[in-house]
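User: Could you pick one part of this model and take a close look at it for me? I would like to know how it is placed and what lies around it.

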Amino acid sequence: MEEKKYRTGLVLSGGGARGFAHLGVLKALNDSGIYPDVIAGTSAGALVGVLYADGYTPVEILNIMNTTSRLHYIRPTVPREGLLQISGIERILKEKLRAEKFEDLKIPLFVTATDLNNGKAVYFSSGDLLRPVIASASIPVLFNPVIIDKIHYVDGGVLDNLPIKPIEGMCNLTIGSFVNPIGYEKTVTSLVQIAERSFMLNLSKEVDMKEKKFDVFIAPPELKNYKILDNEKAQEVFDIGYKATISKLEDPKIRNRISDFIPPSGGQGVGS
């Protein structure tokens, strides 16, 4: 077997509050002795990825990000560039992140954001850490863009919601966690609902094509019942991600595929 730069790579999609499922995925992987050597994330996936790469366990991240009200994360603003401000998440990251630069993280991380000025996806992996992560999670219309070096950036999911590109072909084992299944939505009337629904539909457009690129792909269908801006059921969403991953890892075909990457003793890694 060809030895590549990384043994195990993990790709985390965007998905707002559905991103709590990523933490369940990570907990299940760690419990099974699988620890990513590199992470690529968009939006919620970038938030989960940065805290995990900074050395926090999945349960610690759940406790950091969980709250009883979405207003802990966002607050209304004058609708010029965005309807809401993402100040709550920024405050949490400023308080909790120990690393200031990508280079300070315990494992490599790629964060995806959309360059509005040039119309392209950008994969940040060096330099200042905080602003690219906030940019990656700034859903257009709902949140203000983040300006970095005079460029306006918004959520990476606009152009690449499942960002395997920066690590494609670099890992012996590539795992994807996708948290945006699309289901029927009865009510889409308010401006925020329309913006949210439109963005969710966009996030799902490439998943069928990209799924084939992963050795293990986790996409719990139950997540269609949860709103991307509603974090009040964080524990439920976490549990869905955990159970879906354990079920996937129990599949004989998957177990055979990943057997070379699970240390016999269970292994240790970041977050252990």
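Analyst: Happy to! Let me start with Leu12, which counts as buried at 0% relative accessibility; buried means under 20% relative accessible area, exposed over 50% and partly exposed in between, with a 1.4 Å probe and protein chains only. Before going on, note that this is a predicted model, in which local features need pLDDT of at least 70 and side-chain atom pairs count only at pLDDT 80 or more, while totals for chains, interfaces and linings use all residues. Residues are numbered from 1 along each chain as its sequence is written, and side-chain values use heavy atoms, with hydrogens and water left out.

Leu12 belongs to strand S1 (residues 6-12); helices (H or I, at least four residues) and strands (E, at least two) are DSSP runs numbered from the N terminus. Its C-alpha is 8.4 Å from that of Val179, although 167 residues separate Leu12 and Val179 in sequence. Beyond neighbours within four places in sequence, Leu12 is in contact (heavy atoms within 4.5 Å) with residues including Ile39, Ala40, Gly41 and Thr42.

Ala40 leads us to strand S5. Ala40 stands opposite Phe110 in S5, and strand S2 (residues 38-42) pairs with S5 in the parallel sense over four bridges; two strands pair if DSSP finds at least two bridges between them. S5 also runs antiparallel to strand S6 (residues 120-124), with five bridges joining the two, and Asp115 stands opposite Lys120 in S6. S5 and S6 make a hairpin with four residues between them, and Gly119 in the turn has a positive phi of about 65°. S9 is a further antiparallel partner of S5, joined to S5 by three bridges, with Thr114 opposite Val154 in S9.

How do the side chains of S5 sit? In a regular strand, side chains alternate between the two faces of the sheet. Leu109, Val111, Ala113 and Asp115 point one way from S5, whereas Phe110, Thr112 and Thr114 point the other way. Seven of the seven residues of S5 are buried, so S5 is largely enclosed by the rest of the structure.

Arg98 lies in the loop between helix H4 (87-96) and S5 (109-115), and Asp54 in the loop between H2 (44-53) and H3, so the pair ties together parts that are 44 residues apart in sequence. Arg98 is exposed, at 51% relative accessible area, whereas Asp54 is buried, at 3%.
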